[in-house]
Protein chains: 2
Amino acid sequence: MLTHVLVGDEGRTIELGWTDGKRTRFHAVWLRDNALDDKTRSAGNGQRLITILDIPAKTRIGAAAIKAGALEISFEPEGKTVSFPAQWLRANAYDRDETRQPGWTGDVIQRWTRATMQNAVPRASYPAALHGRGVLREWLSAVRTYGFAVMDGLPAESGALCKVSDLFGYVRETNYGRWFEVRAEVNPNNLAYTNLGLQAHTDNPYRDPVPTLQILSCIENTVEGGESSVVDGFAVAAALQTENPEGFRLLSSHAARFEYAGSSGVRLQAKRPMIELGPDGELICIRFNNRSLAPTVDVPFAEMGAYYAAYRRFAELIEDPSFEVTFKLEPGQAFIVDNTRVMHARKAFSGTGKRWLQGCYADKDGLLSTLAAIEHGFKEAAE
Amino acid sequence: MLTHVLVGDEGRTIELGWTDGKRTRFHAVWLRDNALDDKTRSAGNGQRLITILDIPAKTRIGAAAIKAGALEISFEPEGKTVSFPAQWLRANAYDRDETRQPGWTGDVIQRWTRATMQNAVPRASYPAALHGRGVLREWLSAVRTYGFAVMDGLPAESGALCKVSDLFGYVRETNYGRWFEVRAEVNPNNLAYTNLGLQAHTDNPYRDPVPTLQILSCIENTVEGGESSVVDGFAVAAALQTENPEGFRLLSSHAARFEYAGSSGVRLQAKRPMIELGPDGELICIRFNNRSLAPTVDVPFAEMGAYYAAYRRFAELIEDPSFEVTFKLEPGQAFIVDNTRVMHARKAFSGTGKRWLQGCYADKDGLLSTLAAIEHGFKEAAE
């Protein structure tokens, strides 16, 4: 609840008081730009109808008052009066003291290790997720929170993995196709198509934008070995940062290079750090793939020794079994990973029997959008 | 040409001398990791067969010599001997002094304004690009260098825009479909589907990853007005940086928020800066869209006034006609923009006549890969 309003700095700012004693300040131009009236925002689609240049540069708060719990403001020189719900102001307050360490993540992200996750792998059955919004919400929410989830009950047939992406979004088609076969081949253009074990990795770091989701589904799996495993890259990055802050700084402040030219007509290249931070230090993406790492040429000579030591230690931690969650995909099962966070690996397998998986890429924005829409619908229904 | 080799730091580094007097140093572990032999890299697909953990932590250069113009190195304790072509070493040298200003871009990027571009719009005819690798190379190269290009000679029919993306890559399907209609509607869920003018903007900044390419094709255009225009966001950002370095710093060091919830089941949100820099200060992405800019909550109160002033100035420069290149799309024409760099705008148009465009998204990694493959093919043919 709002308790007081105090216009300051000749109308350029305003201070709001709240019943819990908190005080939050806003700027006049920020409030004007974010006004919620139907001349500023389309009532139909919510988009802003004006540009920043439609707002006078000398915008000031002429008058402000609390009316029916909301904040009512008159802006000068426009002479425009707008009301802001108290709840909206509280939710969008930017006047706060926060000291965040590089590598921070939002509350919605929970890091995990083998100890916390091996017996708690998030899973749902496909028919239940298809027909139940609550089941789908839980499953999508697990992907947001933990960066991976398993799905059971799919048909053990080619293309079934698209049923998973259809639940929330769209396949990202690439030079590998809308989806691709993962089985041992004679002349593979990618080491994924052998029976070798694959070190935990993120997929396609040589692509920019990197595919933010990957789905792997199983059609047949009668080999010895060939288990799948996943590793929380955010948890490993945090462990590296704790024991070696300088190593974390090196991997996050210098770009690596990645490349792939295994197929005719394809020469993909990207330049991005192994540990990517946003401008405010938020941990936003892990890229880790020994197969496609190109020569690192963006680290100064003086730092290269320490950079390589940090890369080695990061790899050691990634291989540490205490971070690894393992499962063997059965026919009709699939798993999804947030390819900006969770690494996946494969154990080597024998030549007898058959292992046939299919993989595809999709994007996280669609998944998070679908989840937000379901959550919004549930909230509206509850109110 | 290599002139000398000097092993230093007890075998941990090596210094190479060149006929032009240049000296470049490398680390033993870097050389070992990037060895080109077929035990380290697959001869078939070029992927690395070993991980960093397969390389001994104490890797040293035991012996080094110039043999037949190449550098031959024996690594200890592995006792492994590998040869590096001089040209490869020169191309991948990381031992250099470079002081780059924030906002730098590679040599391949050329900034432009109306004065340099209005009469030099890169264009190609579709049949010529489809059948001529040289024509396609020039057109793709223009997109890489200038961030946009026009294509003529397409069929003036629905779906023709996919012929453009088929030349180099793959459509990015979204909640708008594989492609979407851009024409005036009665109850539009997006302001693009009105006859209003649209301020120069990048598309879908509320998506993460943002679509890195957009194609707009014209099927019918008999209205008054409705011209298209493009603005080089990298040129505008450089202009802002020149006149107001602190404003450039503010827009590049704080995230903005973008959102879209105009359609049922869709609630897209992203948190990214308007001017995005890589960890080494490279300018990598512009996001600018008044319609979908959500409340900015990641700028500290003390900096918000200056942040908004910088945003306003950035918008003024974007609207400055000296940056704007204008053309009117005719039926059978399309244009492509690098949506991480070049903004596009539309003039308002009259209600008489018909304006029917279609749009789709695609990704730049595929375009750059196809271009690199063509260039590689031409180079091989020349050698």
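**Exercise 1. Helix α5 of chain B**

Task: Just after α5(B), which residue takes a positive phi, and what is its value?

Solution. Just after α5(B), the residue B:Gly147 has a positive phi of about 85°. Helices here are DSSP runs of H or I with at least four residues, strands are runs of E with at least two, and both are numbered from the N terminus. The model is predicted: local features need pLDDT of at least 70, side-chain atom pairs count only at pLDDT 80 or more, and totals for chains, interfaces and linings use all residues. Residues are numbered from 1 along each chain as its sequence is written, chains are lettered from A and ligands numbered from 1 in the order in which they are written, and side-chain values use heavy atoms, with hydrogens and water left out.

Next, check the helix length. The expected span is 1.5 Å times one less than the number of residues. Helix α5 of chain B covers residues 133-146, so its 14 residues should span 20 Å. The end C-alpha atoms are 20 Å apart, which agrees.

Then list the buried positions. Buried means under 20% relative accessible area, exposed over 50%, and partly exposed in between, with a 1.4 Å probe and protein chains only. In α5(B) the buried residues are B:Leu136, B:Trp139, B:Leu140, B:Ser141, B:Ala142, B:Val143 and B:Thr145.

**Exercise 2. The α7/α8 pair of chain B**

Task: At what angle do the axes of α7 and α8 of chain B cross, and within how many Å do they come?

Solution. Two packed helices are described by the angle between their axes and the distance between the axes. Axes are lines fitted to C-alpha atoms, for helices over the stretch in contact, and angles run from 0 to 180 degrees between N-to-C directions. The axes of α7(B) (residues 233-243) and α8(B) (residues 245-253) come within 5 Å and cross at roughly 130°.

Classify the angle. Under 35 degrees is roughly parallel, over 145 roughly antiparallel, 65 to 115 roughly perpendicular, and the rest oblique. α7(B) and α8(B) are therefore oblique to each other.

Name the contact residues. α7(B) supplies B:Ala237, B:Leu240, B:Gln241, B:Thr242 and B:Glu243, and α8(B) supplies B:Pro245, B:Gly247, B:Phe248 and B:Leu251. By class, five are nonpolar, three polar and one charged. Here Ala, Val, Leu, Ile, Met, Phe, Trp, Tyr, Cys and Pro count as nonpolar, Asp, Glu, Lys and Arg as charged, and the others, Gly among them, as polar.

**Exercise 3. Backbone exceptions**

Task: Which peptide bond to A:Pro77 is cis, and what is its omega?

Solution. Most residues other than glycine have a negative phi, and most peptide bonds are trans. The bond from A:Glu76 to A:Pro77 is cis, with omega near 5°. A:Pro77 sits in the loop between β5 (70-76) and β6 (80-84) of chain A. In chain B, a cis bond joins B:Glu76 and B:Pro77, with omega about 5°.

Now the phi angles. A:Glu10, in the loop between β1 (2-8) and β2 (13-18) of chain A, has a positive phi near 55°. A:Glu10 is exposed, at 67% relative accessible area. B:Asn204 has a positive phi of about 50°. B:Asn204 is buried, at 3%, in the loop between β10 (198-201) and β11 (213-221) of chain B.

How values were computed
Contact means heavy atoms within 4.5 Å.
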